[in-house]
Amino acid sequence: MKSVKKSSPQEIQFADNARMMGLMANGAYLKVYGRDKIEDWKSACLEQATNFLIAGVVLQRKQWEIVAKCRECDLPGGPKQILAGGGRGSSKSHAILAQIFCDDCQRVKGLKVLCLRKIGRANKEQIQDFRKKLLSNLPHNYREQAQSIEFDNGSFVILGNFKDEGDLD
């Protein structure tokens, strides 16, 4: 009789997370693009879910809708920006930074991203929190003085902030 290898608790947790993420990703892609276009998006959905699993990042259902929509920017003639609205604490920043750090910067070698946030008292603390949540499993170099994050494939993110919208001109 062939013996079956018993899975470790970590392997079981990883498989459960993968299953849950796959269901949420598929549901988000169906909601965003509809049944008639889901075939066009299956490989992007799978690649994106894999990137988040490798990073150890688990997204909520609404966050999956945001990151699914972000993938549309990769298409010729796709949108140049994605706007996410909602109240404070609705995990918009988490979803957007997860997309940038864990998917875009991992897929596209040499990608350059400028990430601007309105100045707040806890802005630097928030960046540290996001690094712990989103980048703990991804090799990167964070330079606090330069406010930048560099990845092994040459992609990097510059983190900036502004006080008033007039500062952006």
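Biologist: How much space lies in the largest pocket?
Modeller: In this predicted model, the largest pocket holds about 1,200 Å³ of space. A pocket is an open set of points on a 1 Å grid where a 1.4 Å probe fits, with protein on both sides within 12 Å along at least five of seven lines. Its volume is the space filled by probe spheres set on those points.

Biologist: Which lining residues are closest to its centre?
Modeller: The largest pocket is lined by 33 residues (an atom within 4 Å of a point). Closest to the centre are K92, S93, I96, C115 and L116.

Biologist: Which element supplies the largest share of that lining?
Modeller: Helix 4 does, with 9 residues. Helix 4, strand 1 (112-118) and helix 5 (123-135) each supply at least two residues. Helices (H or I, at least four residues) and strands (E, at least two) are DSSP runs, numbered from the N terminus.

Biologist: And how does the lining of the largest pocket divide by class?
Modeller: There are 16 nonpolar, 9 polar and 8 charged residues in that lining. Asp, Glu, Lys and Arg count as charged; Ala, Val, Leu, Ile, Met, Phe, Trp, Tyr, Cys and Pro as nonpolar; the others, Gly among them, as polar.

Biologist: What volume has the second largest pocket?
Modeller: The second largest pocket has a volume of about 200 Å³. Its lining includes K62, Q63, I66, L83, G85 and K92.

Biologist: Which helix gives the most there?
Modeller: Helix 3 gives the most to the second largest pocket, namely 5 residues. By class, the lining of this pocket has 4 nonpolar, 4 polar and 4 charged residues.

Biologist: Changing topic, at what angle do helix 3 and helix 4 pack?
Modeller: Helix 3 (residues 61-70) packs against helix 4 (residues 92-107) at about 40 degrees, and their axes are 9 Å apart.

Biologist: Which residues make that contact?
Modeller: Helix 3 contributes Q63, I66, V67 and C70, while helix 4 contributes K92, H94, A95, I96 and Q99; contact means heavy atoms within 4.5 Å. These contact residues comprise 5 nonpolar, 3 polar and 1 charged.

Conventions. Residues are numbered from 1 along each chain as its sequence is written. This is a predicted model: local features need pLDDT of at least 70, side-chain atom pairs count only at pLDDT 80 or more; totals for chains, interfaces and linings use all residues. Side-chain values use heavy atoms; hydrogens and water are left out. Axes are lines fitted to C-alpha atoms, for helices over the stretch in contact, and angles run from 0 to 180 degrees between N-to-C directions.
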